[in-house]
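Please keep the sequence and the model in view while working through the numbered points.

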Amino acid sequence: MWWSLWWVWMVGALLLAILEVVAPAQIFLGFAVGAAGVGFALLLGVPGLAGSAPAMLLLFAVISLIAWLAIRRAVGVRKGQVKVFEHDINED
């Protein structure tokens, strides 16, 4: 089926990366890395992956979670930091 083609996952990764640029929140970037990881795994011919939708979705979920946690650690709010708003944009 179409979901077992490596280039479909790469196109999905590209679309998710573009969506991250449009709506920056460090959410879609983790999913883009996960989709690219599955695409590369299919391209390299990892045994047991091609044709198995549950295996591909599990790999996508695991890679996406690891990527999201790494991105949050790298660019997220640091431990002990709190966002404080000194000025309300509606009070001008």
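1. Helices (H or I, at least four residues) and strands (E, at least two) are DSSP runs, numbered from the N terminus. Tryptophan 6 is found in one such run, helix H1. This is a predicted model, in which local features need pLDDT of at least 70 and side-chain atom pairs count only at pLDDT 80 or more, while totals for chains, interfaces and linings use all residues. Residues are numbered from 1 along each chain as its sequence is written, and side-chain values use heavy atoms, with hydrogens and water left out.

2. Is tryptophan 6 buried, exposed or partly exposed? Buried means under 20% relative accessible area, exposed means over 50%, and partly exposed lies in between (1.4 Å probe, protein chains only). Tryptophan 6 counts as partly exposed because its relative accessibility is 37%. Contact here means heavy atoms within 4.5 Å. Not counting residues up to four places away in sequence, tryptophan 6 touches Gly39, Leu42 and Leu43. Its C-alpha atom is separated by 46 Å from that of isoleucine 89, 83 residues apart along the chain.

3. Helix H1 has 17 residues, and from its first C-alpha to its last it reaches 25 Å, close to the 24 Å expected at 1.5 Å a residue. The expected span of a helix is 1.5 Å times one less than its number of residues. The buried residues of H1 are Val8, Trp9, Met10, Ala13 and Glu20. What covers these buried residues of H1 includes H2 and H3.

4. H2 has 17 residues and reaches 24 Å from its first C-alpha to its last, close to the 24 Å expected at 1.5 Å a residue. Its buried residues include Gly30, Gly34, Gly37 and Gly39, together with Ala32, Ala35, Ala36 and Ala41. The buried residues of H2 pack against H1 and H3. Just after H2, glycine 45 takes a positive phi of about 75 degrees.

5. How do H1 and H2 pack, and at what angle? The angle is about 165 degrees, and the axes are 8 Å apart. Axes are lines fitted to C-alpha atoms, for helices over the stretch in contact, and angles run from 0 to 180 degrees between N-to-C directions. H1 is therefore roughly antiparallel to H2; angles under 35 degrees count as roughly parallel, over 145 as roughly antiparallel, 65 to 115 as roughly perpendicular and the rest as oblique. The crossing of H1 and H2 is left-handed. Among the residues making the contact are Trp9, Met10 and Ala13 of H1 and Ala35, Val38 and Leu42 of H2. A crossing is left-handed if the near helix is turned anticlockwise from the far one by less than a right angle, and right-handed if clockwise.

6. H2 and H3 pack at an angle of about 135 degrees, with their axes 7 Å apart. The two helices H2 and H3 are therefore oblique to each other. Their crossing is right-handed. The contact involves, among others, Gly30, Gly34, Gly37 and Ala41 of H2 and Met56, Phe60, Ser64 and Ala67 of H3.

7. Helix H3 has 23 residues and reaches 32 Å from its first C-alpha to its last, close to the 33 Å expected at 1.5 Å a residue. Met56, Phe60, Ser64, Ala67 and Ile71 are buried in H3, and what covers the buried residues of H3 includes H1 and H2. Serine 64 counts as buried because its relative accessibility is 4%. Leaving aside its neighbours within four places in sequence, serine 64 is in contact with Gly30, Phe31 and Gly34.

8. Glycine 51 lies in the loop between H2 and H3. With a relative accessible area of 56%, glycine 51 is exposed. Not counting residues up to four places away in sequence, glycine 51 touches Ser4 and Met56.

9. Which residues form the largest nonpolar core? A nonpolar core is a set of buried Ala, Val, Leu, Ile, Met, Phe, Trp, Tyr and Cys residues joined through side-chain atoms within 4.5 Å. The largest one has 11 residues: Trp9, Met10, Ala13, Ala35, Ala36, Val38, Ala41, Leu42, Leu49, Met56 and Phe60. Two or more residues come from each of H1 (6–22), H2 (28–44) and H3 (53–75). H2 gives the largest share of this core, five residues.
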